[in-house]
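Colleague: I am new to reading models like this. Please walk me through one.

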Amino acid sequence: MTEDNKPRLARLTTLITQLQAGRIITARAMAQQHGVSIRTIYRDIRTLEQSGIPIVTEEGKGYSLVDGYNLPPVMFSEEEANALITAEQLIARNQDQSLAEQYHRAITKIKSVLKHTQQEKTELLTARLQIRSDRPLEKASHHLMNLQSAITNYQVAALDYKSLSDQRSQRTVEPFALYSTQGNWILVAFCRLRSDFRAFRLDCIQSLHVTNQSFEPHPITLQEYFEQCRKKCLPTPDIPLSSASPNLAENQNHLNMKTVKIEPFQLIGISVRTTNENGQAAQDIGQLWSKFMAENMLSKIPNKVDDTVYSLYTDYEGDHTQPYTTILGCKVNSLDEIPEEMAGRSFDGGNYVKTTAKGDLAQGLIINHWSKIWATELARRYTADFEVYGTKATNPSDAEVDILVAVE
């Protein structure tokens with residue numbers, strides 16, 4: 001085989017895999033992926049057809065295989081096989097039992113089609129690979145697989161749910177999406193009881209029944225859902241939404257504030273310089289949260305202490321009427337490595353007043369709590385104030401967020 005033939009052979013193998021995936025794919029998409037012309041793809045398709053592979057051409061749409069036609073399994077490269085073994089270790093440490101069980105079954109089938117030499121190497125790697133975590137290796141739920149099926153089949157689900165505050169309720173929901181954060185799986189669903197979207201931690205679901213009843217798909221993407229949530233709970237500091245309470249001392253006591261000492265710390269994250277004038281902060285900080293979530297910034301922060309997210313307000317030019325900087329990121333144990341698109345800062349710590357906001361983030365929890373803080377007589381330093389989004393904030397509908405305000 002000549003060197004010129006090798007790239008084409010690899011491309012043909014990839015095209016077979018794509019067609020076998022069961023979806024229609026256009027010549028343009030294939031050409032862009034492989035860096036060749038559309039005419040080259042046309043020649044590749046003819047070559048595959050001449051080899052006896054029944055390819056269906058749908059005018060104006062693309063190519064697919066004849067329904068029901070199966071090809072022999074494509075062999076994995078050594079790197080691909082190693083990636084699967086590594087994923088097996090990672091998934092085994094996730095907190096949902098159903099995912100771990102189903103992946104184990106799938107990987108067992110995949111291993112059976114590997115070449116003998118690959119099987120020996122995967123067995124060796126399995127014995128020499130270990131994923132460690134500070135979190136205990138325990139399964140907290142068994143519902144992920146059933147909920148994935150309910151999402152793709154648009155099936156209504158009935159939940160027996162117990163919140164983190166031990167409030168129990170029966171919910172009928174239309175499952176919409178799933179995401180994982182802080183080691184917990186979260187279900188986003190349209191709750192028929194509340195007539196709105198709600199988020200449910202899978203480890204708080206006491207029982208789950210996926211019914212045969214179907215529902216109409218919701219005309220919204222997951223990213224649009226997150227954007228709506230951010231607009232509802234946008235934590236911009238020092239912009240009172242309502243008039244101050246006539247009894248400031250009573251309002252301060254109601255917040256259950258306590259004075260704490262914060263040790264010096266370091267933070268790496270993405271930042272924006274903004275101002276509260278003309279609502280600019282609402283737009284800027286909303287875009288910052290959008291970028292943080294959409295680009296998975298959490299995974300890009302080096303030397304993290306943990307996955308707790310901090311929304312920090314600093315560099316005040318004066319009080320809240322002057323420009324300030326917002327940094328969205330994590331505490332780190334070193335600032336030696338700061339990605340180009342991020343900012344790293346050290347803070348002195350000091351005396352802080354701590355209060356905790358509890359409730360539904362989507363119902364303006366944070367901004368409403370800030371408005372109560374503004375109505376107090378705190379002797380603020382305007383150095384660095386921040387919110388802490390830890391493990392108790394992973395369920396947006398039943399969250400606990402600590403707010404710390406620097407004081408004299």
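Modeller: Start with the fold elements: the protein chain has 11 helices and 15 strands. Both are DSSP runs, numbered from the N terminus (helices: H or I, at least four residues; strands: E, at least two). The model is predicted, so local features need pLDDT of at least 70, side-chain atom pairs count only at pLDDT 80 or more, and totals for chains, interfaces and linings use all residues. Residues are numbered from 1 along each chain as its sequence is written, and side-chain values use heavy atoms, leaving out hydrogens and water.

Colleague: How much of the protein chain is buried?

Modeller: Buried means under 20% relative accessible area, exposed over 50%, partly exposed in between (1.4 Å probe, protein chains only). Here 42% of the 408 residues are buried. C191 is one of them, at 0%.

Colleague: How is an aromatic pair described?

Modeller: By the distance of the ring centres and the angle of the planes. Rings of Phe, Tyr and Trp (its six-membered ring) pair if their centres lie within 6.5 Å; planes under 30 degrees apart are stacked, over 60 edge-to-face, the rest tilted. This structure holds 15 such pairs. Among them, Y154 and F215 are edge-to-face, with 5.9 Å centre to centre and 90° between the planes. They lie 61 residues apart: Y154 sits in the loop between α7 (144-152) and β3 (155-162), F215 in the loop between β7 (205-214) and α8 (222-233).

Colleague: Is Y154 buried, partly exposed or exposed?

Modeller: Partly exposed, at 36% relative accessible area. F215 is buried, at 8%.

Colleague: Which residues form a ring cluster?

Modeller: Ring pairs link F265, Y310, F347, Y352 and F386.
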